[in-house]
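Work through the exercises below with the sequence and the model open. Try each task before reading its solution.

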Amino acid sequence: MTKPIVLIAEELSPATIEALGPDFDVRTVDGTDRPALLESVASANAILVRSATKVDAEVISAAPNLQVVARAGVGLDNVDIKSATTAGVMVVNAPTSNIISAAELTVGHILSLARHIPAAHAALAQGQWKRSAYTGTELYEKNIGIIGLGRIGALITERLKSFGTNVLAYDPYVTSARAQQLGVQLVSLDELLEQSDFITIHMPKTPETTGMISTPQLAKMKKTAYIVNVARGGLIDEDALFTALSTGVIAGAGLDVFVNEPPKDSPLLSLPNVVVTPHLGASTDEAQEKAGIAVAKSVRLALAGELVPDAVNVAGGIIDPSVRPGIDLVVKLGQVFSGLAQSSPLTSVDVEVRGEIASLDVSVLKLAALKGIFKNVVSESVSYVNAPLLAEQRGIDVRLLTEGESTDYRNLITLRGALSDGSQISVSGTLQGVKQVEKITEINSYEVDLPIDEHLIVMQYTDRPGIVAVYGKEFGEARINIAGMQIARQKLGGTALSVLTVDSPVPAAIIEKVRAAIDAQVMLEIDITE
C-alpha cells in the first residue's frame, strides 16, 4: 500500500519526524527554492513549513493531492488560507507552542529597557565603565499596560505581577470577571496609554489593528514610558515610532518584529533608546519542539480524515470530549441522509442536537453532517474544510439547532432536510451504552433501533402479510446475508419501513428485483464508508 507523502520544506526538530511515525513517506525540499518546491509539492499529501516557505495559490494549485498545510508555529502570513480553503486543503498551526517563549521574551525586553542592559553591555565590551550613564528604573509599583489580554497577555501578567507591578489591560473581548481573575484592571486604550510606564502589545494583525499605535497614541504616553512589540510587525506605525523616539515623546522601545523582515535600512536600528531582536519570539528549543510535535500530530489526524482542533480554516475550534464521540456517528448519519435524498436535490438541511451535549459547542457536528452528506455524491475529495463550501455552491441552506431536552435518549442528533420537489427527509441517531454503540433511531419519522453497519437496505412499502418472507427469499437466493433488521409502521395496513443491515454490497439488479417483488415505494441501498 502506498504511503501518504509528507513534504518537509524547512528544518524541523527530530521530534517532529518521530511524531509523524512510520506511516508516511517523508520527503524534504528547500522551501525557498521555488522551482524545487513546485516540483516536489505536486505529489505531496501534506506539507510542513515554518515561516520562510510561501504556500500561496500557485503552490496549492500545483498540488492536486494536497490535503493539509502545517505551519510549525503560530503566524500564518506565509500561507494563503483563502486559496487553501477553496481547494479543500486544511491549514493547521501550533497556536500555543510559543506562548511561554513569547511571554518570557517580552519580559526580557521590558527588563532590558528598564535597566539599559544591551547598551551597558555594548559599552563595557568596548572598555567603557559608564555606571552613571545607565541608571535604570525599578519595575516595582510601576504601571504595566498590556494591549490584548489573550493567552500570552495572561502569561505576561502572571510573571510581571511577581515584580510588584500594577497591571492595566485593554481588550474589548475580555470580561471583567476574567480580568478580576487575573488581577488586572481593565481600562480604555487612552487610559492605558496615559497611565502606563511600560506598554506591551499582543494583538492579532488585522486591517483594524495595523498601525493602531501611531502618532496620536504615542503622544498620549508619558515621556518616561517604554513600548514593546513582540507580537506582529506593523501594529506600531514605525515612522511614527521613530519620530516619537528621536524627539523625546517617549523614552524607548523594545522590538522583536518589524513591517519588513529583516528590517534593512530601518532608521529605528540606529537609535540608542531602542532594543531590537531578530524575531526571536518563538526561537527557543522548547517552542520549536512543541510546534513541530503539535503539527505532526495534526497532520496525522488530517490525513486520517479526522477533524483537527488546530485547523484554522475549520469552524469549531477545540472539541469538548463529550462531543467528540458523536463526530463519526454524524458523518455516517450524513451518508444515510444523502442516500434518502436520491430522488431530488436538497434545498436545506437542519442539524438538530438534543440532550446534554446541546449546552456545549457542537458546531463541529454541523461540519460532520455536511462531510457525510457530500462524501459519496461529489467527485472531489470532501473534507471538514470544503464541506460548507460545497453546500454554499449548491444553494443548500444549513442550520444548526440545539435543544437541551431529549425525551427518549441522553443525546439525540437528527438531520432533517427539504428537497426541491417539496418532500421532507430525516434520519436520527444516538450513541448508546457504555460502548457508545452507533445506532439509527429514526428514518423519515419511522422509529427504528438498529446499529449502523457498512451496508444498509431501506425499503418503504404498503404493510401487508408475507412481505418479509418475499424479500428474505430474494436476498437468500442471491447469497446476501441479513445481519440485522428493523420494521416500523405508523398504523395497521399503512406504510411500513424496513431497514436491513447486510454483510455485503447488493447488486443493483437484486435491488430492482426486490423492489418489484414487494411493490416498494422506496428501495435504497446505502453504503457507509469510513
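This is a predicted model: local features need pLDDT of at least 70, side-chain atom pairs count only at pLDDT 80 or more; totals for chains, interfaces and linings use all residues.

Residues are numbered from 1 along each chain as its sequence is written, and side-chain values use heavy atoms, with hydrogens and water left out.

**Exercise 1. Describe how H5 and H7 pack.**

Step 1. Locate the helices: H5 spans residues 99-115 and H7 spans residues 151-161. Helices are DSSP runs (H or I, at least four residues) and strands likewise (E, at least two), numbered from the N terminus.

Step 2. Take the geometry. The angle is about 50 degrees, and the axes are 9 Å apart. Axes are lines fitted to C-alpha atoms, for helices over the stretch in contact, and angles run from 0 to 180 degrees between N-to-C directions.

Step 3. Classify the angle. Under 35 degrees is roughly parallel, over 145 roughly antiparallel, 65 to 115 roughly perpendicular, and the rest oblique. H5 and H7 are therefore oblique to each other.

Step 4. List the contact (heavy atoms within 4.5 Å). H5 residues in it include Ile99, Val107 and Ile110. H7 residues include Arg151, Leu155 and Leu160.

Step 5. Sort by class. The contact has 10 nonpolar, one polar and three charged residues. Ala, Val, Leu, Ile, Met, Phe, Trp, Tyr, Cys and Pro count as nonpolar, Asp, Glu, Lys and Arg as charged, and the others, Gly among them, as polar.

**Exercise 2. Characterise the largest pocket and the second largest pocket.**

Step 1. On a 1 Å grid over the protein atoms alone, using a 1.4 Å probe, a pocket is an open set of points with protein on both sides within 12 Å along at least five of seven lines; lining residues have an atom within 4 Å of a point.

Step 2. Take the largest pocket. About 1400 Å³ of space lies in it. Of its 47 lining residues, Val74, Gly75, Ala231, Arg232 and His279 are closest to the centre.

Step 3. Take the second largest pocket. About 590 Å³ of space lies there. Its lining has 30 residues, and Gly305, Lys371, Lys375, Val382 and Ser383 lie nearest the centre. H13 gives the most, with four residues.

**Exercise 3. Which peptide bond is cis, with omega near -5 degrees?**

Step 1. Find the bond: glutamate 261 to proline 262.

Definitions and conventions:
Grid points are joined across faces, edges and corners, and a volume is the space filled by probe spheres set on the points.
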